[in-house]
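Biologist: Hi! I'm new to this one, could you walk me through it?
Modeller: Happy to, let's bring it up on screen.

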Amino acid sequence: MVEFGEKLKQVREKNGMTQATLAEHLYVTRQAVSRWECGARYPDLLTTKKIAEILEVSIDELVSGEELQKNIEREPVLAKPVSNIIQTMLYSTAAAAYLLMSIFALKSLFPDEALIGTPAGRITLVNIAAVTRITLCFAAVAAGLFFSVKNTLTPKKTGMIMSAFYGITAVEFVLTVIDMQIKQNGYMPWTGWIDGFLIPFICFVCILLYFYNGKCKIPSIIIYGIAALSVLEILYAIKISINRTTELSFVTCTISYMGRFGLVALLVYQTYVFSKKIKMGISK
């Protein structure tokens, strides 16, 4: 089977076009075209469509369905420079928020001397679970920022990073229930299990599968629904906390909401771009 690079070179030469001329039409460098033809890199789907139009061939003549699917899976979700800059800015905002939250959370594990030995200064499994959740969320967002800056944030990496918050939330809930059982200070009703474990776990699985495998039948509307549900949850949390916060807790809550809104915005943006690529791959 002839690879994409070889096909591109054959069709380009058949049209009497040089690498430099094709590059000018695409607003890319000649080196970029050269890398495509030697198989070192692949153009994104929109660029592939543009190449087909310029060379007056169908996308089928340039790339097979199998190659197209592999290209979707290995190229960054947001490969375009402008899109990647927006993505990086959103990751930067979320990373900064979660870094500050992690600092506040870690500080809570070291109570003031006056509180040591009192119930308020006691470290519980719930405290440890909360600190671990925030720290792991920061690690996930920081990884996303790193890959976004390098423009290597593939769909699989995106799925693992964007689903991390929901998976970590579900695990934190289980640890909270375990702490309740150890202390024998109550029980968790079934509604609590649905809200605290089942919904986050379903969100975790859906997001992971949606980005991890482009052939997965999970529709993008499900991911948009998860994002909408997250926004409603954040707005409800803001409403509850407005009249209950001290000056310090107001600052920490605001930082937390910034981080959450940043992640939701990323989820929507990445889903929108990825869904367009999937549709193009199906209906090429």
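**Helix pairs and a few residues**

Modeller: Let's start with a pair of helices: α9 passes α10 in a left-handed crossing. Keep in mind that this is a predicted model.

Biologist: Which residues make up α9 and α10, and at what angle do they pack?
Modeller: Helix α9 covers residues 155–183 and helix α10 covers residues 190–212. They pack at an angle of about 165°, and their axes are 8 Å apart. That angle makes α9 roughly antiparallel to α10, because anything over 145 degrees counts that way.

Biologist: What classes of residue are in the contact of α9 with α10?
Modeller: By class, there are 18 nonpolar residues, seven polar and one charged.

Biologist: OK, how about α7 and α8, what's the angle there?
Modeller: Helix α7 (residues 81–108) packs with helix α8 (residues 125–149) at an angle of about 155°, with axes 8 Å apart. So α7 and α8 are roughly antiparallel to each other.

Biologist: Is the crossing of α7 and α8 left-handed or right-handed?
Modeller: The crossing of α7 and α8 is left-handed. Their contact has 15 nonpolar and nine polar residues, and no charged ones.

Biologist: Switching topic: where is glutamine 19?
Modeller: Glutamine 19 is in helix α2, which spans residues 19–26.

Biologist: Buried or exposed?
Modeller: Glutamine 19 counts as buried, because its relative accessibility is 17% and the cut-off for buried is under 20%.

Biologist: And which residues is glutamine 19 in contact with, leaving aside neighbours within four places in sequence?
Modeller: Those are Arg12, Arg30, Val33, Ser34 and Glu37. With glutamate 37, the side chain of glutamine 19 also makes a polar contact of 2.8 Å.

Biologist: Where does tyrosine 27 sit?
Modeller: Tyrosine 27 is in the loop between α2 and α3 (30–38). With 77% relative accessibility, tyrosine 27 counts as exposed.

Biologist: And what about phi at glutamate 56?
Modeller: Glutamate 56 is a residue other than glycine with a positive phi, near 60°. You'll find glutamate 56 in the loop between α4 (45–54) and α5 (59–62).

Biologist: Is glutamate 56 buried or exposed?
Modeller: Glutamate 56 is exposed, because its relative accessible area is 69% and the cut-off for exposed is over 50%.

Technical notes:
Residues are numbered from 1 along each chain as its sequence is written. This is a predicted model: local features need pLDDT of at least 70, side-chain atom pairs count only at pLDDT 80 or more; totals for chains, interfaces and linings use all residues. Side-chain values use heavy atoms; hydrogens and water are left out. Helices (H or I, at least four residues) and strands (E, at least two) are DSSP runs, numbered from the N terminus. Buried means under 20% relative accessible area, exposed over 50%, partly exposed in between (1.4 Å probe, protein chains only). A polar contact is a pair of N or O atoms within 3.5 Å; within protein, one must be able to donate a hydrogen and the other to accept it, and residues adjacent in sequence count only if both atoms are side-chain atoms. Contact means heavy atoms within 4.5 Å. Axes are lines fitted to C-alpha atoms, for helices over the stretch in contact, and angles run from 0 to 180 degrees between N-to-C directions. Angles under 35 degrees count as roughly parallel, over 145 as roughly antiparallel, 65 to 115 as roughly perpendicular and the rest as oblique. A crossing is left-handed if the near helix is turned anticlockwise from the far one by less than a right angle, and right-handed if clockwise. Ala, Val, Leu, Ile, Met, Phe, Trp, Tyr, Cys and Pro count as nonpolar, Asp, Glu, Lys and Arg as charged, and the others, Gly among them, as polar.
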